[in-house]
Amino acid sequence: MYDLIGDIHGHADELRALLHHLGYRPDAAGVPRHPDGRQVIFLGDYVDRGPKIRETLQLVRGMVEGGAALAILGNHEYNALAFWQKDPAGGHLRPHRPWHIMQHLETIKEFRTPELYREWQGYLAWFRTLPLALELPGLRAVHACWESRHIEYLRGELPDLCLTPDFMLRASRRGTAEFEAIEVTLKGREVRLPGGLTFQDKDGHHRDLTRVRWWQNPATAAAYHEYFLEDLPELRNRAFDFASLDPWYYQDEKPVFFGHYWLRGKPQILQPHAVCLDYSMARGGQLIGYRWDGEQTLSADKLVWVP
């Protein structure tokens with residue numbers, strides 16, 4: 001069976017502690033393994049923000065290549081690939097604007113010497129071997145959003161769901177099908193805020209789009225904060241108008257595990273077949289895992305973190 005782990009963001013010490021808590025012990029080569037043959041599934045976002053990014057990559061990659069884990073791509077790995085891939089039109093696919101540099105700065109600092117930069121190039125190549133999502137017997141794993149039409153489109157373009165430079169070039173152009181599929185799958189579904197409202201996100205950027213709870217039927221929300229992931233004071237007393245929203249939400253009975261959303265508070269199951277394992281590790285929160293033993297209805301008592 002599998003132990004799924006959410007966004008790490010360079011917190012190698014916390015990752016080691018959680019693996020130990022889950023029963024993984026280093027083998028002779030130093031690769032953490034479970035005595036019962038369980039595997040970890042890492043849900044992406046290994047780089048940026050945290051203090052030990054290189055150690056995190058060494059640990060995660062070592063487990064994957066040693067057969068002790070599976071891993072998928074997060075939006076921060078995707079952003080890193082785009083940051084370093086040249087654009088034929090000039091510059092890079094992810095422009096080197098100040099806020100993009102700041103988001104990626106801790107990673108840049110860890111690989112700042114020529115020797116370490118060559119190592120970093122190896123990690124960029126390794127990122128291209130990680131799929132955008134996993135569908136296994138009994139479960140699904142994705143970094144931000146499992147929307148079937150986008151997953152199927154990506155499978156048609158990338159049969160192994162691993163990125164290519166050509167696909168990334170097309171995905172860097174707003175308005176393309178590639179761009180939309182990557183945005184939703186790795187960054188989540190978004191809708192425009194009503195009435196021209198904006199908010200300041202965790203990185204200080206003003207946004208007029210907000211992520212939504214795609215695992216929840218919008219028709220069941222009585223207030224905006226029950227469907228929007230941003231609880232804006234301006235919307236708290238306004239009736240929720242969902243008539244203009246895309247009514248799609250995740251209704252499959254196959255459990256889906258994801259990260260990305262910087263949740264706070266006590267970890268919980270979002271609905272019987274969906275759970276987020278990102279509880280803001282990089283902002284003073286906790287690294288969360290889920291011990292999956294084949295159940296199709298998820299249970300809060302399977303959520304695991306280091307006390």
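Mentor: What follows is a walk through a few features of this model, which is a predicted one.

Trainee: Let us begin with helix packing: at what angle do the axes of helix α3 and helix α5 cross?

Mentor: The axes of α3 (residues 75–84) and α5 (residues 114–127) come within 10 Å of each other and cross at roughly 120°. An angle over 145 degrees would count as roughly antiparallel and one from 65 to 115 as roughly perpendicular, and α3 and α5 are therefore oblique to each other. As for handedness, α3 passes α5 in a left-handed crossing.

Trainee: Which residues of α3 and α5 meet there?

Mentor: On the α3 side they are E77, A80, L81 and W84, and on the α5 side Y117, W120, L124 and F127. By class, the residues of this contact divide into seven nonpolar, no polar and one charged.

Trainee: How should I read a sheet, and what is the order of the strands in the open sheet of four strands?

Mentor: The general idea is that strands of a sheet pair through backbone hydrogen bonds, either parallel or antiparallel. Here the order is β6-β7-β12-β13, with mixed pairing. The edge strands, each pairing on one side only, are β6 (133–136) and β13 (274–276), and the twist averages 15° from one strand to the next.

Trainee: How many bridges join β7 to β6, and how many join β7 to β12?

Mentor: Four bridges join β6 to β7 (residues 139–142), and these strands run antiparallel, whereas two bridges join β7 to β12 (residues 256–258), and that pair runs parallel.

Trainee: Which way do the residues of β7 point?

Mentor: In a regular strand the side chains alternate between the two faces of the sheet. In β7, L139 and A141 point one way and R140 and V142 the other way, and all of these residues are buried.

Trainee: Turning to backbone angles, which loops hold D48 and L161, and what is the phi of each?

Mentor: D48 lies in the loop between β4 (39–42) and α2 (53–65), and phi of D48 is near 70°, a positive value in a residue other than glycine. L161 is placed in the loop between α6 (148–157) and α7 (165–171), and has a positive phi of about 60° although L161 is not a glycine.

Trainee: Why do D48 and L161 count as buried?

Mentor: The cut-off is a relative accessible area under 20%, so D48 counts as buried at 2% relative accessibility, and L161 counts as buried at 7%. D48 is also one of the residues that H104 touches, which leads back to the helix α4 in which H104 lies.

Technical notes:
Residues numbered from 1 in each chain as written. Predicted model: local features only at pLDDT ≥ 70, side-chain atom pairs only at ≥ 80, totals over all residues. Heavy atoms only, no water. Axes fitted to C-alpha atoms, helices over the stretch in contact; angles between N-to-C directions. Parallel < 35°, antiparallel > 145°, perpendicular 65-115°, else oblique. Left-handed = near helix turned anticlockwise from the far one by under 90°. Contact = heavy atoms within 4.5 Å. Nonpolar A, V, L, I, M, F, W, Y, C, P; charged D, E, K, R; others polar. Pairing = 2+ DSSP bridges. Buried < 20%, exposed > 50% of the residue type's maximum accessible area, 1.4 Å probe, protein only. Lists of a residue's contacts leave out its neighbours within four places in sequence.
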